[in-house]
Structure formats: C-alpha cells, structure tokens
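Biologist: Please pick one part of this model and go through it closely. I would like the contacts and the packing in one connected account.

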Amino acid sequence: MRATVAIVGAIALVLAPSAAATEVTGTELQSLAKRAPDDPQALARLRSVDSVDGQPVDLERALAGASGVELRLRLRALRTRSGGAGPVPNARGQAEKILSERRFQDDATPRPLRRPLEWLSAPVRRVGKALDRLVTWLAGPLPGGESTFWAIVALLVCSTAAVFAVRISRGRVGATREGSRRGRAPRLDPGRLEREADTAERRGDFELALRLRFRAGLIRLGLAEAIPLRDSLTSGEVRRRLRQDEFDLLATTFDEVVYGGRSPQRSDVEHARAGWPRVLEAVGAR
C-alpha cells in the first residue's frame with residue numbers, strides 16, 4: 001500500500017496535459033482530492049486537471065481504473081504530494097518510468113492452471129508452516145538452535161540407514177550360505193559315495209569303486225579341515241599336506257588305475273576299503 005501511495009503521488013504531478021485544459025493551484029488540488037471520494041463532481045473535475053501551479057499533470061491517467069480502496073489511496077497520495085511540494089525535476093520521465101512497470105500493465109498471458117495449482121499447494125503450505133513451527137519449538141532448547149537440530153536429524157538418518165544395510169547384508173549372506181550348503185549337500189555326502197562304492201564292488205566295477213571311495217575319503221578330509229575342499233585339488237597336494245604313507249599307497253593305486261590305465265584288481269578295492277579308515281583316523285576325521 002505504501003508503494004502505491006508513493007507511486008500515485010509521483011504520477012499525479014508530472015504527466016502530460018489532457019485535451020480538456022483545467023488549471024488549479026496546489027490548495028485547490030488538495031481540496032478537490034479531499035472531497036472526491038464522496039463527491040462525484042469534485043472527482044470529475046479532478047480528473048480533468050492538466051496543470052497545478054503551472055506544472056503539467058495528467059490526473060485522468062493517474063486515476064484511471066481506480067475505484068474503492070485503490071481510488072481513496074490515490075486521492076490520499078494527491079493530497080499528501082501536493083501539500084507543500086515543489087516542482088519535480090524531470091517529472092515526466094519519472095512518471096512514464098513508473099507507469100511502465102509490470103504492476104501497471106495488463107498480464108495477457110493465459111494461466112489456466114493457476115487456480116488448481118494454488119488449491120493443490122495450499123495444504124502443502126499449511127504442512128510446511130506446521131513443520132517449521134515444530135522445528136523451531138524442538139530446536140529452541142538446543143545450543144546452536146536449528147543447526148544443531150538438523151545435525152542430529154542427519155545423524156539419526158545415517159545411523160538408521162546403516163542398521164538397515166547391515167541387516168539386509170546379513171540376511172543375504174545367510175541366504176547365500178544356506179543355499180550353498182543345500183546345493184552342496186548331495187555332493188558332500190561321503191556315506192552315500194561309500195555305499196555306492198560297495199555296490200560297484202559287488203557288481204565287479206572295481207574302477208568305479210576306487211573312484212567313489214577315493215572321492216568319499218577326500219570329502220571326509222575336507223570336512224575335517226585337513227585339506228582344502230575343492231574339485232581342483234590333486235593327489236600330490238594332499239600327499240604334501242598329510243605326509244602319510246598309507247595315503248601315499250592309496251593315491252598311487254588311484255593314479256595308476258584312473259590316469260595310468262591299469263586294470264584294477266579286487267585287492268586294490270579291498271586295500272582302499274581298509275586303508276581309508278586308517279588315513280582318516282590319523283587326522284581325527286570321521
């Protein structure tokens with residue numbers, strides 16, 4: 001409102017004369033401006049004024065489009081500005097500059113979503129104000145005020161995120177281990193392999209019986225953590241780790257039959273069945 005009063009006061013005293021020439025003194029202008037809110041004739045005469053104390057003005061333009069409260073504010077500005085005010089240097093340029101401002105121009109840009117957006121944003125603004133009041137109330141007793149409050153909030157958020165990350169990670173690791181254990185269970189069943197070796201031996205398939213029993217023995221050593229439990233492990237690596245004569249004999253027979261192409265004998269299978277328990281017992285495996 002104060003800006004409007006100041007602007008209208010400048011406009012009223014400085015614009016170019018209108019077609020109907022009416023000249024008044026400053027005192028007469030004050031009188032007309034005082035009576036104009038309630039006197040249509042005084043208002044009409046005031047609009048026709050084009051000169052005040054010899055200074056060109058355009059009150060028709062200054063009062064154009066104003067009514068109600070806006071008109072009273074402009075008339076009050078005229079009374080205030082004309083009382084004791086002298087000529088204004090470069091008045092025309094100042095008035096034109098003021099009138100060229102956006103506030104005095106019609107906004108022709110269509111804004112069809114203005115009202116829906118204002119309606120939608122109203123609840124957001126209310127929530128924002130409520131949160132702002134809550135933060136101010138909570139941060140009041142803290143040393144450092146809102147800075148300390150937001151630092152605490154950030155710390156809590158980071159801590160909560162870290163806890164959730166650890167829980168999710170543990171859950172994934174547990175699921176992976178469980179899945180791995182279930183997937184490997186059939187392969188890591190030495191008892192089943194030994195039973196299949198017995199069946200192959202009774203069937204006369206001695207090479208298969210040697211293979212199955214050797215595999216079962218390595219698994220039992222791996223489960224006892226005497227050797228690494230991996231498929232790429234060679235008999236030479238196992239020999240260097242165990243340093244057992246009994247295992248060396250079993251490994252030699254296995255390599256001769258499986259890799260050397262020697263035909264296995266029943267005695268080879270019987271030696272494997274008797275020798276593997278002694279190998280396992282030496283390292284505490286079952």
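**A close look at the aromatic cluster**

Modeller: Trp276 is buried, with a relative accessible area of 5%. Here buried means under 20% relative accessible area, exposed over 50%, and partly exposed in between, with a 1.4 Å probe and protein chains only. The model is predicted, so local features need pLDDT of at least 70 and side-chain atom pairs pLDDT 80 or more, while totals for chains, interfaces and linings use all residues. Residues are numbered from 1 along each chain as its sequence is written, and side-chain values use heavy atoms, without hydrogens or water.

Trp276 belongs to one aromatic cluster with Phe214, Phe247, Phe254 and Tyr259. The structure holds five aromatic pairs. One of them joins Phe214 and Phe254, stacked at 4.0 Å centre to centre with 10° between the planes. Phe214 sits in helix 10 (residues 206-223) and Phe254 in helix 12 (residues 245-258), so this pair ties together parts 40 residues apart in sequence. Rings of Phe, Tyr and Trp (its six-membered ring) pair if their centres lie within 6.5 Å; planes under 30 degrees apart are stacked, over 60 edge-to-face, the rest tilted. Helices are DSSP runs of H or I, at least four residues long, numbered from the N terminus.

Both partners are out of solvent. Phe214 is buried at 6% relative accessibility. Phe254 is buried too, at 11%. Phe247 and Trp276 have ring centres 5.8 Å apart and planes at 70°, so their pair is edge-to-face. Phe247 lies in helix 12 and Trp276 in helix 13 (residues 266-282), so this contact ties together parts 29 residues apart in sequence. Phe247 is buried, at 0%.

Now the space beside these rings. There is one cavity of 30 Å³ or more. A cavity is a set of points on a 1 Å grid over the protein atoms alone where a 1.4 Å probe fits but cannot get out; lining residues have an atom within 4 Å of a point. The largest cavity holds about 60 Å³; points join across faces, edges and corners, and the volume is the space filled by probe spheres set on them. Its lining is Leu210, Arg213, Phe214, Leu250, Thr253, Phe254, Ala272 and Trp276. Helix 10, helix 12 and helix 13 each give two or more residues to that lining. The lining divides into six nonpolar, one polar and one charged residue. Ala, Val, Leu, Ile, Met, Phe, Trp, Tyr, Cys and Pro count as nonpolar, Asp, Glu, Lys and Arg as charged, and the others, Gly among them, as polar.

How values were computed: 1 Å grid on protein atoms, 1.4 Å probe; cavity = no way out; pocket = protein on both sides within 12 Å on 5 of 7 lines; lining within 4 Å.
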